[in-house]
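I opened my notebook to go through this fold piece by piece. Here is what I looked up.

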Amino acid sequence: MHPTEGDDAPGFEALLCDGETFRATALEDAAGDRGAVLVFFGFVFSAISDNWWRRYEAGGWHEFDEVPVYGVCRDGPYGINAFLRGIDSPFSVFADVDGEVADAYDLLVEREGMAGTKTPRRAVFVLDDEGVVQHAWSTDEWIHPVPVEELEESIEGL
């Protein structure tokens, strides 16, 4: 079962991609003074990813005070950077190439019609400044929208 409210979020280190560069970065080093938000999703270069990351930007998620929002997906750093440049995104995404991060969060599922390919379920975790989960949401539906208002309230409460 994935982490829930009150659990310590699994720490990790992965390549953090900003659209131009990528560097091995630990979650604890990437978090802001008030915490961080992790958005797990399947793949970049999908209509779903394009749509939702643009919505997060339109909703001002890149402007939370001291609470950065990071994606986590199975794509490699070059693909992630190309995606971020293509949509002119202000966000950064962790490249979870081997799926270890998604596995630590118990989110890996096999994709129907893609035998042997596992990607994370869509999920969002709001973490406080000590890495404790303050809000957790996940779904088995690949296109289900995230509960924006609930998440924003949780972030504001950090």
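Predicted model: local features only at pLDDT ≥ 70, side-chain atom pairs only at ≥ 80, totals over all residues.

**Entry 1: the middle strands**

I began with strand 3 (residues 35-40) and strand 4, which pair in the parallel sense over 4 bridges. Two strands pair if DSSP finds at least two bridges between them. Helices (H or I, at least four residues) and strands (E, at least two) are DSSP runs, numbered from the N terminus.

Residues are numbered from 1 along each chain as its sequence is written, and side-chain values use heavy atoms, with hydrogens and water left out.

Next I looked up partners. Leu38 stands opposite Tyr70 in strand 4. Phe40 has Val72 of strand 4 as its bridge partner.

Is strand 4 mostly covered or mostly open? It is mostly covered: 5 of the 5 residues in strand 4 (residues 69-73) are buried. Buried means under 20% relative accessible area, exposed over 50%, and partly exposed in between (1.4 Å probe, protein chains only). Strand 3 is mostly covered as well, with 6 of its 6 residues buried.

I then checked which way the residues point. In a regular strand the side chains alternate between the two faces of the sheet. From strand 4, Val69, Gly71 and Cys73 point one way and Tyr70 and Val72 the other. From strand 3, Gly35, Val37 and Val39 point one way, while Ala36, Leu38 and Phe40 point the other.

**Entry 2: neighbours and crossovers**

I followed the chain out of strand 3. Strand 3, helix 2 (residues 47-58) and strand 4 make a right-handed β-α-β unit. A crossover is right-handed if, with the strands pointing away from the viewer, the path from the first strand over the helix to the second runs clockwise. From strand 4 the chain crosses through helix 3 (residues 77-86) to strand 5, and this β-α-β crossover is right-handed.

Strand 4 and strand 5 (residues 92-95) pair in the parallel sense over 4 bridges. Gly71 has Val93 in strand 5 as its bridge partner.

Which way does strand 8 run against strand 3, parallel or antiparallel? The two run antiparallel, joined by 6 bridges. There, Val37 stands opposite Val126 in strand 8.

**Entry 3: the cores**

I looked up the nonpolar cores. A nonpolar core is a set of buried Ala, Val, Leu, Ile, Met, Phe, Trp, Tyr and Cys residues joined through side-chain atoms within 4.5 Å. The largest has 26 residues, and Val37, Trp53 and Ile80 are among those with the most contacts inside it. Strand 3, helix 2, strand 4, helix 3, strand 5, strand 8 and helix 5 (148-156) each supply at least two residues of this core. A second, separate core of 20 residues includes Leu38, Phe40, Leu107 and Ala123.

I listed contacts for Val37. Contact means heavy atoms within 4.5 Å. Leaving aside neighbours within four places in sequence, Val37 touches residues including Val69, Tyr70, Val126 and Ile155.

**Entry 4: charges**

How many salt bridges does the structure hold? I found 2. A salt bridge is a side-chain nitrogen of Lys or Arg within 4 Å of a carboxyl oxygen of Asp or Glu.

Arg54 and Asp50 meet in one of them, at 2.8 Å, N to O. They are 4 residues apart in helix 2, so about one helical turn separates them. Arg54 is partly exposed because its relative accessibility is 40%. Asp50 is partly exposed too, at 25%.

Asp140 forms a salt bridge with Arg121, with the closest N and O atoms 3.5 Å apart. Asp140 lies in the loop between strand 9 (133-139) and helix 5, and Arg121 in the loop between strand 7 (118-120) and strand 8, so the pair ties together parts that are 19 residues apart in sequence. Asp140 is exposed at 59%, whereas Arg121 is buried at 15%.

Last, I checked Arg122, which sits in strand 8 (residues 122-128). Arg122 is buried yet has no salt bridge; Glu141, the nearest side chain of opposite charge, is 9.1 Å away. For charge, Lys and Arg count as positive and Asp and Glu as negative; His and the chain ends are not counted.
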